Amino acid sequence: MTSCFNDPDYDSLPGIIPVFPLTGAFLLPTGYLPLNVFEPRYLNMLDDALAGNRLIGMVQPEAPENDPIADAAALYPIGCLGRIISFEESGDGPVAMSLKGIIRFRIKAELDLADGGYRRVRPDFSPYQDDLDVTPGALADRPRLMASAQEYFDHKDIHIDWESVDDVDGASLVTALAMICPLEPREKQALLEAMDHNARARLLSSLMEMALHGHGRDDDRVRH
């Protein structure tokens, strides 16, 4: 099922949000993240979000953890709010959903678990108001990013139709490449925390170049 909800503006952002802690989960503003939800607590979270504003915060544990992630696991202080734009149930199995990134947030405080067993936080969106500006943005060094990305993705044997991205604006290009790039969780977090799309592009280019050349193309530098 596809959502017909609109993205919230700054004044309508919620004061409390559910959070979905997931190692390697990486959502950027304007980006899209597909997820399979199967744990009861997160199915409860999904049900509550669908009955309300359809907003969920994605955040990574500070120390990489496999599912199930402990309720006491320390979280990175910065995550990204996403809006549920589609979901599909499959009987008694997992629910497939897709989130669209809206705005980053800093965790001000964590609250008691919701009745459904999932975590909740008070977010501070104020440092990231510019995330809501979806005006197409140019890149200061697009040639470097494209050269690094083409070599990196070819090396990883990941097919990209590069001709199709020629007309994509710089900000959208950085978001798309960053979200599909198979980086380590801490590297994804660094990209999330980059000040803007130009800073993110420089960091992404550096990460790909280091993975390719810094250690003799050692795949252990960047893992799937």
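Visitor: How many cavities of 30 Å³ or more does a search of the whole structure find?
Guide: Start with the general idea. Rolling a probe the size of a water molecule over the atoms shows where empty space is left. Keep in mind that this is a predicted model. Here the search of the whole structure gives two cavities of 30 Å³ or more. The largest cavity has a volume of about 60 Å³.

Visitor: Which residues line the largest cavity?
Guide: Among them are Ala-25, Phe-26 and Leu-27, then Met-58, Val-59 and Gln-60. Ile-78, Gly-79 and Cys-80 also belong to the lining, as do Gln-189 and Leu-192.

Visitor: Which element gives the most to that lining?
Guide: That is S4, with three residues. At least two residues each come from strand S3 (55-59), strand S4 (78-88) and helix H4 (185-193). By class, the lining of the largest cavity has eight nonpolar, three polar and no charged residues.

Visitor: Now the open spaces, please. How much space lies in the largest pocket?
Guide: The largest pocket holds about 500 Å³ of space. Its lining counts 22 residues, and those nearest the centre of the pocket are Asp-130, Asp-131, Asp-133, Ala-171 and His-197.

Visitor: How do the residues lining the largest pocket divide by class?
Guide: Seven are nonpolar, eight polar and seven charged. Helices H3 and H5 each supply at least two residues of this pocket's lining, and H3 gives the most, with three residues.

Visitor: Let us turn to those helices. At what angle do the axes of H3 and H5 cross?
Guide: For a helix pair, look at the distance between the axes, the angle and the hand of the crossing. Helix H3 (residues 170-180) and helix H5 (residues 197-214) have axes that come within 9 Å and cross at roughly 45°. Because of that angle, H3 is oblique to H5. The crossing of these two helices is left-handed.

Visitor: Which residues of H3 and H5 meet?
Guide: From H3 come Gly-170, Ala-171, Val-174, Leu-177 and Ala-178, and from H5 come His-197, Arg-200, Ala-201 and Leu-204. This contact has six nonpolar, two polar and one charged residues.

Visitor: What about H4 and H5: at what angle do their axes cross?
Guide: The axes of H4 and H5 cross at roughly 160° and come within 9 Å. Therefore H4 is roughly antiparallel to H5. The crossing of H4 with H5 is right-handed.

Visitor: Which residues of H4 meet H5?
Guide: Glu-187, Ala-190, Leu-191 and Leu-192 of H4 meet Arg-200, Leu-203, Leu-204 and Leu-207 of H5. In this contact six residues are nonpolar, none polar and two charged.

Visitor: One last pair. How far apart are the axes of H2 and H3?
Guide: Helix H2 (residues 142-155) and H3 have axes 12 Å apart and pack at an angle of about 25°. So H2 is roughly parallel to H3. H2 passes H3 in a left-handed crossing. On the H2 side the contact is made by Arg-142, Leu-145, Met-146, Ala-149 and Phe-153, and on the H3 side by Gly-170, Leu-173, Val-174, Leu-177 and Ile-180. By class, the contact of H2 with H3 has eight nonpolar, one polar and one charged residues.

Technical notes:
Residues are numbered from 1 along each chain as its sequence is written. This is a predicted model: local features need pLDDT of at least 70, side-chain atom pairs count only at pLDDT 80 or more; totals for chains, interfaces and linings use all residues. Side-chain values use heavy atoms; hydrogens and water are left out. Axes are lines fitted to C-alpha atoms, for helices over the stretch in contact, and angles run from 0 to 180 degrees between N-to-C directions. Helices (H or I, at least four residues) and strands (E, at least two) are DSSP runs, numbered from the N terminus. Angles under 35 degrees count as roughly parallel, over 145 as roughly antiparallel, 65 to 115 as roughly perpendicular and the rest as oblique. A crossing is left-handed if the near helix is turned anticlockwise from the far one by less than a right angle, and right-handed if clockwise. Contact means heavy atoms within 4.5 Å. Ala, Val, Leu, Ile, Met, Phe, Trp, Tyr, Cys and Pro count as nonpolar, Asp, Glu, Lys and Arg as charged, and the others, Gly among them, as polar. On a 1 Å grid over the protein atoms alone, a cavity is a set of points where a 1.4 Å probe fits but cannot get out, and a pocket is an open set with protein on both sides within 12 Å along at least five of seven lines; lining residues have an atom within 4 Å of a point. Grid points are joined across faces, edges and corners, and a volume is the space filled by probe spheres set on the points.
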